[in-house]
Amino acid sequence: DGEAGGGGRWSMALALDKSNLGWMRAGAYKLLSSQIFEIGMAAVIVCNSIVIGLEQTCRMNGCGDDMGLFITASEYFFMCVYIVELGLRFLALGFCRSLEDNWIRFDIVVVVAGSVTTLLELLG
């Protein structure tokens with residue numbers, strides 16, 4: 001059965017998961033600490049701001065179907081990027097330790113609000 005020696009195959013699988021988590025946690029921390037990642041996220045935020053401006057212009061002046069599709073697809077893309085970034089932060093720091101950072105708390109509020117808004121738009 002494989003249970004001899006303290007836990008068998010399930011405890012070995014759990015040990016492997018912990019080992020992989022340590023490796024993934026270190027990789028996530030290294031990525032988040034890199035200047036390239038910081039620059040990339042700054043570029044994403046600037047592009048997202050531009051798309052928000054385009055969206056507001058379209059709401060005031062109207063826009064074609066192509067622009068509307070571009071804006072919608074962009075919003076989904078940016079939301080996915082922000083969710084992945086938040087997930088990386090949770091992985092790198094751990095959930096509880098992440099909550100100690102006010103910027104991460106702010107990110108959580110923004111991501112949750114954006115996710116709820118997107119979900120309501122899709123449902124309604």
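Which helix holds the place of Glu-85? Select Glu-85 and find out: helix H3.

**Before you start**

This is a predicted model, in which local features need pLDDT of at least 70, side-chain atom pairs count only at pLDDT 80 or more, and totals for chains, interfaces and linings use all residues. Residues are numbered from 1 along each chain as its sequence is written, and side-chain values use heavy atoms, with hydrogens and water left out.

**Stop 1: the whole chain**

Show the chain as a cartoon. It has five helices and zero strands. The elements run α-α-α-α-α from the N terminus on. Helices (H or I, at least four residues) and strands (E, at least two) are DSSP runs, numbered from the N terminus. Of the 124 residues, 23% count as buried. Buried means under 20% relative accessible area, exposed over 50%, and partly exposed in between, with a 1.4 Å probe and protein chains only. Contact means heavy atoms within 4.5 Å. Among contacts between residues at least 6 apart in sequence, 58% join residues at least 24 apart.

**Stop 2: H2 against H3**

Two packed helices are described by the angle between their axes and the distance between the axes. Select H2 (35–61) and H3 (65–93). They pack at an angle of about 150°, with axes 10 Å apart. Axes are lines fitted to C-alpha atoms, for helices over the stretch in contact, and angles run from 0 to 180 degrees between N-to-C directions. H2 passes H3 in a left-handed crossing. A crossing is left-handed if the near helix is turned anticlockwise from the far one by less than a right angle, and right-handed if clockwise.

Now show side chains at the contact of H2 with H3. From H2, pick residues including Phe-37, Met-41, Val-44, Ile-45 and Asn-48. From H3, pick residues including Phe-78, Tyr-82, Glu-85, Leu-88 and Arg-89. By class, this contact has 15 nonpolar, two polar and five charged residues. Ala, Val, Leu, Ile, Met, Phe, Trp, Tyr, Cys and Pro count as nonpolar, Asp, Glu, Lys and Arg as charged, and the others, Gly among them, as polar.

**Stop 3: Glu-85 and Phe-37**

Return to Glu-85. Is Glu-85 buried or exposed? Glu-85 counts as buried because its relative accessible area is 11%. Not counting residues up to four places away in sequence, Glu-85 touches Phe-37, Met-41 and Asp-107.

Step across to Phe-37, in helix H2. Phe-37 is also a buried residue, at 13% relative accessibility. Phe-37 and Glu-85 are 48 residues apart in sequence, yet 9.9 Å apart in space, C-alpha to C-alpha. Leaving aside neighbours within four places in sequence, Phe-37 is in contact with Leu-31, Leu-32, Glu-85, Leu-88 and Arg-89.

**Stop 4**

Select Leu-32, in helix H1 (residues 8–33). Leu-32 is buried, with a relative accessible area of 8%. Beyond four places in sequence, Leu-32 touches Phe-37, Glu-38, Leu-88, Arg-89 and Ala-92.

Arg-89 comes next, in helix H3. Arg-89 is buried too, at 17% relative accessible area. Its contacts, again not counting residues up to four places away, are Leu-32, Phe-37, Glu-38, Gly-94, Ser-98 and Ile-104.

**Stop 5: Tyr-82**

Go to Tyr-82, in helix H3. Tyr-82 counts as buried at 16% relative accessibility. Leaving aside neighbours within four places, Tyr-82 is in contact with Met-41, Val-44, Ile-45, Asn-48 and Val-111.

**Stop 6: the largest pocket**

Rolling a probe the size of a water molecule over the atoms shows where empty space is left. On a 1 Å grid over the protein atoms alone, a pocket is an open set of points where a 1.4 Å probe fits, with protein on both sides within 12 Å along at least five of seven lines; lining residues have an atom within 4 Å of a point.

How much space lies in the largest pocket? About 810 Å³. Grid points are joined across faces, edges and corners, and a volume is the space filled by probe spheres set on the points. Select Asn-48, Met-79, Tyr-82, Val-110 and Val-111, which lie nearest the centre among the 29 lining residues. H2, H3 and H5 (102–123) each supply at least two residues of the lining. H5 gives the most, with 11 residues. By class, the lining has 16 nonpolar, four polar and nine charged residues.
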